[in-house]
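Trainee: I have a structure open and I'd like to learn how to read it. Could we go through it feature by feature?

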Amino acid sequence: MTERSPKIEVEVSEVTEITPIIKRFRLVRPDGLPLPTFSGGAHVVVEMRDGPTLRRNPYSLMSSPHDTSSYTISVRRDDVGRGGSLFMHSKVRPGDRLVVSHPVNLFAMDHRARKHLLFAGGIGITPFLAMMAQLAQEHRPFELHYAVRSEEQGAYVKELRSVYGSRVRIYRDDQGEAVPLGRLIGNQPLGTHLYVCGPAGMIDWVLSTARELGWPDQALHHERFLAPASGKPYEVVLAHSGITVRVGSHQSMLEAIEAAGVDAPYMCRGGACGQCECRVQSFEGTLLHNDHYLTPDEKASGTKIMPCVSRFEGNSLVLEL
Ligand code: FES
């Protein structure tokens, strides 16, 4: 198990409604000292204590990495999700205290790139806001292509246009504007790196188009955090801890393990980083793998599971934890 950095207590200094479903939260240290440094693309895990329930959700840092007097995150309200975003929207106010993890970057920029080509869809814009602030400050070439449903629903559209001008292109779905992906990807200088964050379909489209056009995998970067799926409740036995944990319908296996007092490792909590990987000692039933970290062979072997997003259905599951 890897040792985690100590957590950081922060105060909410500002809550701003950006669109009807997106709020921005500014977080500062209560003692006024600077927060830990981070680089564009990093995220923090925000802990939300809601009565007996403790939720932990990852959010990209969107403020400039050159200013650590505060962190800013944007939260998109999900009315049918498991409650984390609703909690942030309905209960968190300026002056409240929250606990966040140290920043971790699973979507880092490659500084060997001669140019950075960024593709965002919807709330996937947030990591790019920090990246662009960093790239602009460091005088590195970049361009952003940002797909939104409409001008009104696109978060930060006006700010992006006014700060970055022609380095930003907005594509409004309600105006029939589509990202001219093939042309964009096919006309970049050698040494360009591509980054994409947004809905799963957009990520797949951008990556597969780039691969078809011959882009090497090391020049392609994406961030795809999944929300844990809901499902039928089940029990999991932790062999080393000697306890049996019940996982509720709207709870992840990782959340249930944590609620039982076991300190399990994690980093992204979205099936992407591999940090929470657990060895399966035995099972009778079906492992419902939802992550995109394990290979198809690893999933088929039935020896590993990622409890942040994956579930189980059946009679018994024993983990080496
Ligand atoms: S915490 Fe990252 S894959 Fe589970």
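This is a predicted model: local features need pLDDT of at least 70, side-chain atom pairs count only at pLDDT 80 or more; totals for chains, interfaces and linings use all residues.

Trainee: What radius of gyration would a compact globule with 321 residues have, and what does the protein chain have?

Mentor: The radius is taken over C-alpha atoms, and the globule rule is 2.2 Å times the number of residues to the power 0.38. That puts a compact globule near 20 Å, and the protein chain agrees, with 20 Å. Its C-alpha trace spans about 60 × 50 × 35 Å along the principal axes.

Trainee: How many helices and strands are there in the protein chain?

Mentor: Both are DSSP runs numbered from the N terminus: helices are H or I with at least four residues, strands are E with at least two. The protein chain has seven helices and 17 strands.

Trainee: In what order do the strands of the parallel open sheet come?

Mentor: Strands of a sheet pair through backbone hydrogen bonds, either parallel or antiparallel. As a cut-off, two strands pair if DSSP finds at least two bridges between them. The parallel open sheet has five strands, ordered E10-E9-E8-E11-E12. Strand E10 (168-172) and strand E12 (220-223) each have a single partner strand, so one side of each is left without a neighbour in the sheet. From one strand to the next, the twist averages 15°; such angles run from 0 to 180 degrees between N-to-C directions, with axes being lines fitted to C-alpha atoms, for helices over the stretch in contact. Strand E11 (residues 192-197) pairs with E12 over four bridges, and Cys-197 sits opposite Glu-223 in E12.

Trainee: Which open sheet has mixed pairing?

Mentor: That's the five-stranded one with the order E14-E13-E17-E15-E16. Its edge strands are E14 (243-247) and E16 (304-305). Strand E13 (residues 234-238) runs antiparallel to E14, with five bridges joining them. In that pair, Val-237 faces Thr-244.

Trainee: Is Arg-55 buried or exposed?

Mentor: Buried means under 20% relative accessible area, exposed over 50%, partly exposed in between (1.4 Å probe, protein chains only). Arg-55, in strand E4 (residues 53-60), counts as buried because its relative accessibility is 14%. Its side chain makes a polar contact with the side chain of Asp-50 at 3.3 Å. A polar contact is a pair of N or O atoms within 3.5 Å; within protein, one must be able to donate a hydrogen and the other to accept it, and residues adjacent in sequence count only if both atoms are side-chain atoms. Leaving aside neighbours within four places in sequence, the residues in contact (heavy atoms within 4.5 Å) with Arg-55 include Arg-82, Gly-84 and Phe-87.

Trainee: And where is Arg-49?

Mentor: Arg-49 lies in strand E3 and is exposed, with a relative accessible area of 54%. Not counting residues up to four places away in sequence, Arg-49 touches Leu-54 and Phe-87.

Technical notes: Residues are numbered from 1 along each chain as its sequence is written. Side-chain values use heavy atoms; hydrogens and water are left out.
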